[in-house]
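Please look over the sequence and the model shown here before reading on.

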Amino acid sequence: MVSRVDVPKGGFNFDNYQRNLILQEKGFSLPKPTKTGTTIVGTKFKNGVVLGADTRATGDTTVMDKNCFKIHYLAPNIYGCGAGTAADTDKITKMVASQLELHRLATGRESRVATALTALTQFLFRYQGHLGAALVLGGVDVDGPHLFSVSPHGSTDKLPYLCQGSGSLAAISIFESQWRENMERDEAIELVKEAIKAGIFNDMGSGSSVDVAVIEKGRAEVCRGMEVPYPTIQKVDSYKFKPGTTAILSESFRNFVTITEGDAMDIS
Amino acid sequence: MDRFSGNFDRFSDLFNPYDSNPTNANHAIGDFTKCTRKPLVMGSTVLGLEYQDGVMIAADTLGSWGQLARYRNESRIYPVGNFTVLGAAGDMSDFQHTKHMLDSLMIKEYYTNDDHVLSTPHIYEYLSRVLYHRRSKLDPLWNTYVVGGYNNGERFLGYVDLLGTTYQSSIVATGLGAYFAQPILRNAVEGREGILTEAEAIEILNTCMKILFYRECKTLNRIQRAKVTADGVEISEPYALPTEWSFGEGIRGFGTQTQ
Amino acid sequence: MDSFLPVQVSWTPQTAASGSDFYPYTNNAGTVAGISGGDFCVMAADTRQSFGVGYLINTRYQPKMFKLSNGSVLGTSGFYADGLTLIKRINQRLEWYKHAHDKEMSTPALAQLLSITLYSKRFFPYYARVLLGGLDLEGHGVVYGYDSIGSYEPCLARATGSGGSLIQPFLDNQIYRKTPLGILQAPHTLDQVKAVMRDSFTSATERDIQTGDYLELFIITAQGVDVEKYDLRKD
């Protein structure tokens with residue numbers, strides 16, 4: 001009988017996860033990742049999808065980035081908003097975007113939203129929730145407009161309007177009270193802006209300005225800073241230091257080049 | 001500790017530091033001093049807003065027992081005196097205790113027969129000191145209260161929770177209502193308290209309660225409203241909110257399914 | 001949640017007599033700052049009250065800085081219920097003092113009173129970051145900074161609360177004028193100090209999510225206390 005001791009295991013190995021837990025118990029805690037306390041939303045409208053995001057990235061109670069971009073490119077006709085651990089959402093969308101690009105080159109066809117969705121969910125499921133990425137995925141393909149949300153564990157949701165992130169509760173209340181079927185493009189953009197603003201003002205993890213992406217058949221438009229709902233308050237005073245503020249203790253000059261008088265250089 | 005009133009009754013089998021699941025067989029029975037740390041029958045959201053005639057609050061009528069929708073006709077709004085109304089989220093037995101305590105207080109004040117009645121700010125102050133005192137004894141009243149009132153032309157709306165944290169505002173929401181309803185209330189009410197009509201106020205509260213029914217597991221679409229105006233307190237009978245689910249008819253599955 | 005405990009205390013959920021695991025503190029956050037000048041004192045606090053858990057704003061306007069009956073100003077941040085209770089106790093003691101001595105308590109005496117009041121709850125502290133501002137016996141502005149259990153010292157400029165660590169270095173630079181050569185103290189006018197204070201808070205609001213909505217400035221001079229209100233970011 002063949003020994004089964006050395007049969008290589010397939011799939012992932014979570015030994016390091018166990019090791020890290022033990023290390024943490026002994027006081028060696030892991031560095032904390034930047035979490036994008038976030039409001040991201042998406043809605044379908046008559047002939048497309050609108051995605052929206054705020055632009056604040058937080059680390060605990062500190063704003064780490066006042067204008068971060070949370071609407072990620074996946075394909076020319078597909079975009080995804082990311083909430084959760086910033087590094088995870090950035091990398092996952094980049095990797096899937098790359099897969100989709102290769103797939104397009106191999107098949108010569110436009111990417112489908114379902115393909116992006118499957119790639120994302122399978123990827124996330126493999127990591128059993130250890131990648132903290134929550135996404136709102138939207139796009140238009142041969143089958144028309146699609147909107148999905150993806151949770152860190154890889155489960156998906158399909159609804160005409162969706163929100164993710166810490167401000168999702170504030171944003172969903174706007175959708176639940178104002179959303180209508182078959183909205184015009186402008187109406188949908190306005191609604192998305194309202195929902196993001198609800199997150200910006202009511203959720204401390206969300207803030208700054210509203211980014212919007214509108215995807216229609218054969219056309220995708222990403223608008224960075226579509227609305228800045230609260231102006232930056234100008235400073236009353238200026239805090240530029242006057243020349244001479246730094247005290248000079250001593251001065252010393254040294255020549256690095258010694259110039260010796262002589263004949264002029266021949267430049268003829 | 002999860003002292004967020006929306007999670008008071010969210011039992012997790014994996015992590016439940018309060019052992020607050022009433023269906024847990026390991027519960028210590030007979031240790032009466034622990035009662036308030038194991039809230040049993042729980043109420044969810046209370047909403048409140050100020051409008052031109054006074055103050056209006058709303059609450060659904062569900063008393064949850066763990067995950068079970070146990071009591072469907074639990075009134076969580078209670079008048080205190082003639083111009084004050086109390087809305088309660090959290091443990092319903094602690095709420096009953098509070099009602100009894102406030103009734104006793106009002107009766108004691110009446111006995112003195114000095115023409116002085118406790119107005120809403122007095123009742124609010126008293127209640128918040130009681131809650132703070134109980135938290136300081138580490139024996140909290142497991143509630144979040146909304147106190148609304150109208151006295152001498154002044155609107156009053158205040159919040160106090162089981163830690164004694166207080167704030168007054170023209171809009172107030174407890175539990176998950178603070179997440180779901182607060183944004184809508186802020187948009188609709190802030191800055192318009194003086195011009196908001198009664199019909200508009202009712203419409204706003206109905207919308208908010210409906211969203212909570214859609215999105216929160218422990219809210220019912222059967223609600224009660226109360227208003228306090230110059231005419232005194234008026235508490236409505238429970239009524240059902242109409243709901244709309246037709247948007248789901250065209251949806252197939254949750255992912256790539258098409259039929 | 002345990003990191004909310006401001007100092008090492010013997011009280012823990014496990015050692016509580018009743019065996020409760022109820023946690024009696026929360027952090028309603030917010031920022032308080034004070035700058036003292038030659039004959040004035042400027043105290044400032046934002047007015048946002050947050051829930052303490054999660055990213056929820058309770059209300060945009062709940063003042064946490066109060067003028068006391070003797071003309072001093074007391075600002076608190078941290079656990080709002082504790083801060084409010086502390087202020088009620090202090091006001092009560094000021095009232096008794098007034099009736100016992102037929103005069104208002106001086107700010108330095110009040111500073112000592114505040115210290116012992118905080119220390120009286122050494123093992124179940126008021127989780128309040130407190131700042132006291134006023135005029136001393138000579139009429140000079142003075143700011144007292146505290147920890148939650150009563151250690152205190154008078155200072156020229158002090159910031160505490162959730163945005164305190166953002167503002168304090170700025171005040172060190174602008175008010176103390178600290179340089180490697182030592183303290184080069186520059187005279188500051190009331191207008192300069194007010195500008196520094198307002199700009200401190202607009203900047204702190206940019207980077208601290210729990211600070212914002214409105215700024216209340218309390219300007220304490222021999223004439224009394226003026227209150228000014230300014231806008232801060234609301235996101």
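A residue is called buried if 20 or more other C-beta atoms lie within 10 Å of its own, exposed if 12 or fewer do, and partly exposed in between, with the C-beta atoms placed from the backbone. Ser206(A) counts as buried because it has 32 C-beta neighbours inside 10 Å. This is a predicted model, in which local features need pLDDT of at least 70 and side-chain atom pairs count only at pLDDT 80 or more, while totals for chains, interfaces and linings use all residues. Residues are numbered from 1 along each chain as its sequence is written, and chains are lettered from A and ligands numbered from 1 in the order in which they are written.

**Surroundings of Ser206(A)**
- Ser206(A) sits in the loop between H5 and S12 of chain A, where helices (H or I, at least four residues) and strands (E, at least two) are DSSP runs numbered from the N terminus.
- The C-alpha atoms of Ser206(A) and Thr55(A) are 7.3 Å apart, although 151 residues separate the two along the chain.
- Leaving aside neighbours within four places in sequence, the contacts of Ser206(A) include Thr38(A), Thr39(A), Asp54(A), Ser166(A) and Gly199(A), a contact being a pair of residues whose C-beta atoms, placed from the backbone, lie within 7 Å.

**Helix pair in chain A**
- Helix H4 (residues 168–178) of chain A packs against H5(A) at an angle of about 145°, with the axes 7 Å apart; axes are lines fitted to C-alpha atoms, for helices over the stretch in contact, and angles run from 0 to 180 degrees between N-to-C directions.
- Residues making this contact include Ala170(A), Ile174(A) and Phe175(A) of H4(A), together with Leu191(A), Ala195(A) and Gly199(A) of H5(A).

**Confidence and chain C**
- Within chain A, confidence is lowest in strand S1 (residues 35–36), at a mean of 68, and highest in strand S12 (residues 210–216), at 98.
- Chain C contains four helices and 14 strands, and buried residues make up 50% of its 235 residues.

Definitions and conventions:
pLDDT is the predictor's confidence in each residue, from 0 to 100. Two residues are in contact if their C-beta atoms, placed from the backbone, lie within 7 Å.
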